[in-house]
Every structure is written in C-alpha cells, then in structure tokens.
Amino acid sequence: MRASPFQNPPLLAALLLKPFFFPFRPSSSSSSSSLSLPGKTLAMAKTLDESHVGISCYVSSLPGFRGVLKQRYADFIVNEVDGDGKIVRLTTVDLPPNVDDDKEEEKSPSIDKDYSSEIESFRSLCGDADAEALKELLGRISSSPESDVLPIILSPDSDKSHRADVHNFFKKNFNFLVTDTVEGSDGNERCIRVRFSLKEAGGGSRRGKKRKNTGHSDSNDGRPFDSRGSDSWPEHLGKFLRFHLYKENKDTQEALGVIGKMLGIQQRSFGFAGTKDKRSISTQRATIFKLHANRLAALNSRLFGIKVGDFSYVREGLVLGQLFGNRFTITLRGVVADSEETVKTAADGLGKNGFINYYGLQRFGSGSVPTHLVGAALLRGEWKDAVYLILDPREGERADVREAREFYKEHGNIDATLRKLPRHLVAERAVLQCLKKCPGNYLQALKAIPRTLRMMYVHSYQSYLWNHAVSMRVQKYGVSQVALGDLVYCKDSSPVDMVKVDSSETEDDLNDGSLLEESGEEIPDEKVQFVKTVDSEDLQKGTYTFEDVVLPLPGSRIIYPGNEVANLYHEMATKDGISLIESAHGVKEFSITSMKGGYRRVFQRPIDYRWELRTYTDDNISLAETDLDIMSKSTPSDLTRKELLTNGDSAKKLASQKSKGEIDMELSKVDSISNSDALLPKMALKMEFTLPASCYATMAIRELQKSTTSVAFHKTLNPCTG
C-alpha cells in the first residue's frame, strides 16, 4: 500500500515548525505600525514583511497548511482575460488566414544605384569609421533586401546639433534607412542607430513629425505605435498587428525587448494591456503598428522561452487597462497538513469565502527599501532623501548590483557606476545620468525616471495606507456585514450622497522586472463608479453586503468612510510627516492633493474556481499543461534523459524553448532522481481561477494557507533552492 504524504513521518515532522494562525485579530503592533522616516534611516534592516505594509487579516478562521509557491515557474501559469471575458491562449504560430502577406508585403526599396557620392559626403560628416560601416550596411541590404538586416551603431556623439545633421542627412539621401538615438555601450554617450526599413522608396522617416508623436503615440490618446511603420500599408488591413505573446520565466517588458531588438523596433512601440509576473509562464496579447505577421512569425525559430502566434490585424493598438483580468493555474507543491481533509476544506473555503483584496507584497518592491518609503519622501518634498533611497545599497540584491551601489556610495563616480550598474535598473540609471548633467538637482533627477515608474512610488504609498485601512476595517467591524459609515459602490443611479470617481490614475504601476506583478497591476480598478456612505436606512433595508464595501485610495476627488477607519488614514500619514489635504510643495505629480484618488473593493472571491489534489514523486514533472504543451501534445519537462538526447520532434521542441544550461540542469535532476532508491509520495494542490485586473493571486494563496507570501519564506520551504 502506497504511503500517503499526510502519513509520512518526515513530512509530518515539518508540522512541528508550523505556527498557530489567528485569522481575524493580528497584534495591534502589526496593524498600527508606521514606516520609518526615510530622512532618518534611509534603509530598512530586514526584508519587507506583510505586516509592514498592512497585510494582517484573513476572511475565514479555517486552518491553513504549508505548500511551496512557485517551486518551478511552471507552477504559476497566467493567461490574460480580455475585455470580452475570453481567455487568451497561444493556439497557433501559423500566419493569419485569408491574408496574403507575400502579395501585400512592402516592396523593397531600390538600392541598385551607386551611392559612392553619398558615402563620401557622409565620410566628411562623420568620419572614416562610420562611412565604412554605412558602406558595409548598404552591401548587406543589396545582397539580401528581404531578410532581417542588423542595424549599425555610429560612433558616440555628444553634440546634439551634429546628431540632428546626421538624422537629416539620412532622411534626405536614404529613404530606406531609419535613424534614432540610443544610449552608448558605456551608458554615458549618445549614439545614432541606423536601420534598414522595408518600405517603398520615398516613404521617408517620421522624424520630421512633431516630437510628441515620435516613438510613442500617433494620437493624443496615448496609443502606442511604431514610428518606422510603412507609409504604403494595404488599405484592407488593420494598421496594428495583434499577436499572442507566450513567455516562460520572462516578464512582459523583457520579452518585448528581445523581440524589439530582433526587429530593430523600440520596446515602447509595443502595446499591451497589463504586465505579467516574471517567475511564471504567461500568455497575453500585444500589438505593434504596421508590421507584417510573417516578419514576427519568422522569429519563433530564434526565440528562447518566448513564442508568438495567433496573429490578426486590428484597427487599434492595445493600451494599459484593456483587459478584464487574468486566469491563473497555480500549483502548490510539497503540501503538508495534519490531514488531507484540512487541505480539502481550506481549498473549498477559498471558493466560498474569498479573500481580502490587499495589495500584495509585489506592489511594494522586492528589496529592503520598499517603494512606499520612496513615495513618502516624495510626498514630503525630500528630493535628496528619495534619490538616496533609490540609489543606496540594500539587502537581498545580486552581488553585481550591490557592488555597484556600494561603489557609488563610497566614491560618487557616476561614469564608473553606470558601467557597473545593470541596464534593467531603469530608475537608478536615469537618476545617475541626470545627476551627471545637473549635479545636485535631485528633483530633476527624479523627474528623469520614466513617468510610469516614478509615479509608482507615490501610488505605492497610497496602497500602503489602503492596506492598513482595510485591516482596521476588518478587525473593527468584521466581514459578515456592512457597517454604518462604510463606503459602497452604489446599486442605483441616485445622485444623493454619492461621488463619481474616475480612478484611472491610481494604478499606474511600474514596469521594472524586479517588481512586476502577476495581477497585471498597471490598470485601474474601476474606470468610473458611484460611491455612497452607508446610512441607517441602508442597514435596515439590508441593501448592501460586505462584498459591496470599498475603501478609498487618497486623492482630491474621493470621500473617506463615515466611521473610525477614516481617522487611520490621516493619523498614519501625519506620523509620516504627510498631509492628505494639502501639499508640502508645488510639484503636482508628487502630491496626493493633485491626484484624483480612487476606490478599491475590500473583498474578492475567485471566479470560475476549481481545484484538485495531485500526488507526485518527481519535483521536476509539470503538474499543469501550458499553452505550448497543449499545442505540442507533450510536456517537455516530463521527458526522460534518453528522450532529451534523441533527435525527435519533442527533443527539438525542448531545445528551442530552453537554453543549454537549463537542459543540463534538468538532465542532472533526472539523474539524481533516477539514482534514488526510494521516492516518497508528495502532495500538490492545483487550482484554477480568474481574478479581475489589479487583484493579486498571491493574496488568495495567503488566505488559503494562512501564511506569508513573501519570496524569502517560500524559498525556505523550497527543496530546490538548497
């Protein structure tokens, strides 16, 4: 008889470490803790804990259990759900039907003419090295005009007026070449990149158009576009190519960056509805302006951990917020509980009882300096402190990042620090580059950070207050009913005692890979809603339930609850040296009083929820099918060593998805398992559910397990991390 994982002494021994959980009433110190003043500490001693950001209560009193979240990134599968409620999946990598791309493909420009005189003119403008590089580029285009031709990067050029002359030279003499300005290899210089563009001769560049439209939008509504799109686009096709983006262990920005580099297209030219968590397998929609599907499809053979497909042409590109939510398939491995019934009861309870709709830890960053601390400094107008919070060394980072931070703190050498600092640290690099040009101008350095990223800091502080307010609301009034003075979304259109709020400014979350959220958190909770204060008549009629209760994100156009919860917002902000009703400075974007604010539901129940218990023995076997698995009808990670080493289709598919290092790692794990004399059975809980945009799946898991969702905690449970 096979042993049950719940009857296994080694597994049950782990229960001795399991703490007791008190569902409703965390200690008062947790709920009332306020952040340290950044101006005094400039760092936190320990990794961020849930109680620090107000996450402390549960909906139900059901006991939890232990299980490892994201032991493998394939244990966290995210499929976007579009605005019509359709789950976005990768189903095909074929070209769209009824579209003859070959017939409609943009004609290659004629480059048969002799460009000797133009090259010599360019030589006098930019020098021998750049002239020879241009000559070589023209030769490659001439020999293979239909294939992807790698761009060239001209010599560093710090003279802006000279760069303008170079751009104009190409615009005048080479209508099939497109130029833009990029950062040099050392991160300190500006260089001009020259790319081949498949468009008819005479199409020209868009550099002559208004700068506000360059590289980002062709209208005032912020819709993305590729400024190198064809001017001879077929009239019967929508001007945007929409595709499904499948990626493994890569966040949205990283994947689009890889694709953009291969196509010679800037990453910001892509449109998408929301970001997805890096440590996951996710599928979402993306759009690009005037790009033929065959160019994108041709990349599949060269992409690793990324696939594109389900191509179609549409009239409009995607913008942040154009989705309903996300469909999650989550597997908790190594489940340990006092009995199987405990796990089953908890799993059923999540579907019935739901969870408190906290902002998850991802909202506040993964390092020891949470984003809301930076936000608090910005709201106080402490620009220098905010900059140092962003730049200073912190715990838990990679060795190369820590080395770069410590080097700058000790030496203050910006050029050398930029050479050491990884490129994915967008905020840090932007701040340093600005300080190099404008020493001591800390406000200007903060404004150099991309807007979506810098606004995340202030929004994070709003979320910090919201989380603490929710915990107080649950502790004081419970979760069984509405309370007098609660705010609720209205069920009628009566204008009495109601406030209409557009909360579209409350959810601009960042795109930095270290803080990406599985929720697609860059979108508004509710576009436009009417909110009212619950009065005695509402209580008597029983019009509203706890599911209708909302709490505000501070701003100028919101109302606070008509009960004691309102006081908490102001008390906590006052302790942090912040006023919620007047600004400490004149910089509007870093002022809560200049933001509209918004509302967020206190409670959320998973949609279309189902679960199952699975028994397994091999930690390396996938317990859920990905889109790619369904397409190929085989699960790559289930292959044996012999199958991995064959030349069959499955092995080729695996090789196309995984790097050599990843394959070697899997092979070594297979060896380790096959050499084991005995494999103990283990239990896993597999769940599938949908959440609206801006809801955190990790908060649902927290309710289920009655334990923290911090990465550090789950690493201690993960046998694969050592």
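Let's start with a pair of side chains: Glu612 and Lys686 meet in a salt bridge, 3.8 Å from N to O. Glu612 sits in strand E18 (residues 607-616) and Lys686 in strand E19 (residues 682-692), so this pair ties together parts that are 74 residues apart in sequence. Keep in mind that you're looking at a predicted model. Lys686 is buried, at a relative accessible area of 13%, whereas Glu612 counts as partly exposed at 34%. Another salt bridge joins the side chains of Asp608 and Arg610, at 3.6 Å from N to O, and Arg610 is partly exposed, with 43% relative accessibility.

The structure holds 31 salt bridges. One of them pairs the side chains of Arg333 and Asp75, at 2.7 Å from N to O. Arg333 belongs to strand E10 (residues 325-336) and Asp75 to the loop between strands E1 (66-69) and E2 (76-81), so here the tie is between parts 258 residues apart in sequence. Arg333 is buried at 0% relative accessibility, and Asp75 is buried too, at 1%.

Now for some helices. The axes of H5 (residues 116-126) and H6 (residues 128-143) come within 7 Å and cross at roughly 145°, and the crossing is right-handed. On the H5 side, the contact involves Ile119, Phe122, Arg123 and Cys126, which meet H6 residues including Asp128, Glu132, Leu134 and Leu138. The contact residues split into 6 nonpolar and 5 charged, with no polar ones.

Finally, take a look at H12 (residues 383-391), which is mostly covered, with 7 of its 9 residues buried. Among them are Trp383, Asp385 and Leu391.

Methods. Residues numbered from 1 in each chain as written. Predicted model: local features only at pLDDT ≥ 70, side-chain atom pairs only at ≥ 80, totals over all residues. Heavy atoms only, no water. Axes fitted to C-alpha atoms, helices over the stretch in contact; angles between N-to-C directions. Helix = DSSP H or I, 4+ residues; strand = E, 2+ residues; numbered from the N terminus. Left-handed = near helix turned anticlockwise from the far one by under 90°. Contact = heavy atoms within 4.5 Å. Nonpolar A, V, L, I, M, F, W, Y, C, P; charged D, E, K, R; others polar. Buried < 20%, exposed > 50% of the residue type's maximum accessible area, 1.4 Å probe, protein only. Salt bridge = Lys/Arg side-chain N within 4 Å of Asp/Glu carboxyl O.
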